[in-house]
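User: Hi! Could you walk me through how to read strand pairing and helix packing, one feature at a time?

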Amino acid sequence: MTRKLGELFRLSAELEPLRHHAMTLQRLQEEIDRLLEEEFRGRVSVANLKDGTLYLHTASALAAAKLRHRLPSLTAALAASAPVQAIKLRVRPTNAPASGVAAPRPPRVRTIGPGGRAAIAELCARLAPDSPLRQALERLIERAAMASEQRQEGDPLERKEAEIDEDDAERKPQDAFGVQ
């Protein structure tokens, strides 16, 4: 005879605290989804509530950094409806599909910034028109421009991460004393 999990929770006195805790976590997740902006939906999940500390997992370090600025107001808002005295964040990228099997992380698309594309175009101008290197570099510039356009249409947090990558790529390396 099979029973639904919910029935087992209701019938067993030993499982009642676990059911109550799970319901509390679910209510907190709904409240957090309601309180946070759209950019955080699906990127912040309730992990646990223990001794008045709410543990949240974020999908990226950038989301965690942005959320840290909102913790005081979020803590105050949640304290009104639940025994939350503090919030701790952990970065836990979520790639697992509903099946529970972790999906491979998609390759991160690195883009070439406008300065890099201009430098490559300048190099192309100095190469012979029928040069295989010139043809390869022209394809690279073309693909980089398309990737940059696609990134501008994408997710705001992913777009910000790509901008940081571009800035890092365009900076000249420095030695330990700051000399370029």
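User: How many bridges join β2 to strand β3, and do they run parallel or antiparallel?

Analyst: The idea is to look at bridges and at direction. In this predicted model, six bridges join β2 to strand β3 (residues 86-91), and the two run parallel. To find your place along the pair, look for Leu 56, which stands opposite Leu 89 in β3.

User: Thanks! In which sense do strand β1 and strand β2 pair?

Analyst: Here the sense is antiparallel: β1 (residues 44-50) and β2 (residues 53-58) pair over six bridges.

User: Now the helices. At what angle do the axes of α2 and α4 cross?

Analyst: The axes of α2 (residues 16-35) and α4 (residues 71-79) cross at roughly 130° and come within 11 Å. Because of that angle, α2 is oblique to α4. Their crossing is right-handed.

User: Which residues in α2 and α4 meet?

Analyst: From α2 come Leu 28, Glu 31, Ile 32 and Leu 35, which meet Leu 74, Ala 77 and Leu 78 in α4. Sorted by class, this contact has six nonpolar residues, one charged residue and no polar ones.

Definitions and conventions
Residues are numbered from 1 along each chain as its sequence is written. This is a predicted model: local features need pLDDT of at least 70, side-chain atom pairs count only at pLDDT 80 or more; totals for chains, interfaces and linings use all residues. Side-chain values use heavy atoms; hydrogens and water are left out. Two strands pair if DSSP finds at least two bridges between them. Helices (H or I, at least four residues) and strands (E, at least two) are DSSP runs, numbered from the N terminus. Axes are lines fitted to C-alpha atoms, for helices over the stretch in contact, and angles run from 0 to 180 degrees between N-to-C directions. Angles under 35 degrees count as roughly parallel, over 145 as roughly antiparallel, 65 to 115 as roughly perpendicular and the rest as oblique. A crossing is left-handed if the near helix is turned anticlockwise from the far one by less than a right angle, and right-handed if clockwise. Contact means heavy atoms within 4.5 Å. Ala, Val, Leu, Ile, Met, Phe, Trp, Tyr, Cys and Pro count as nonpolar, Asp, Glu, Lys and Arg as charged, and the others, Gly among them, as polar.
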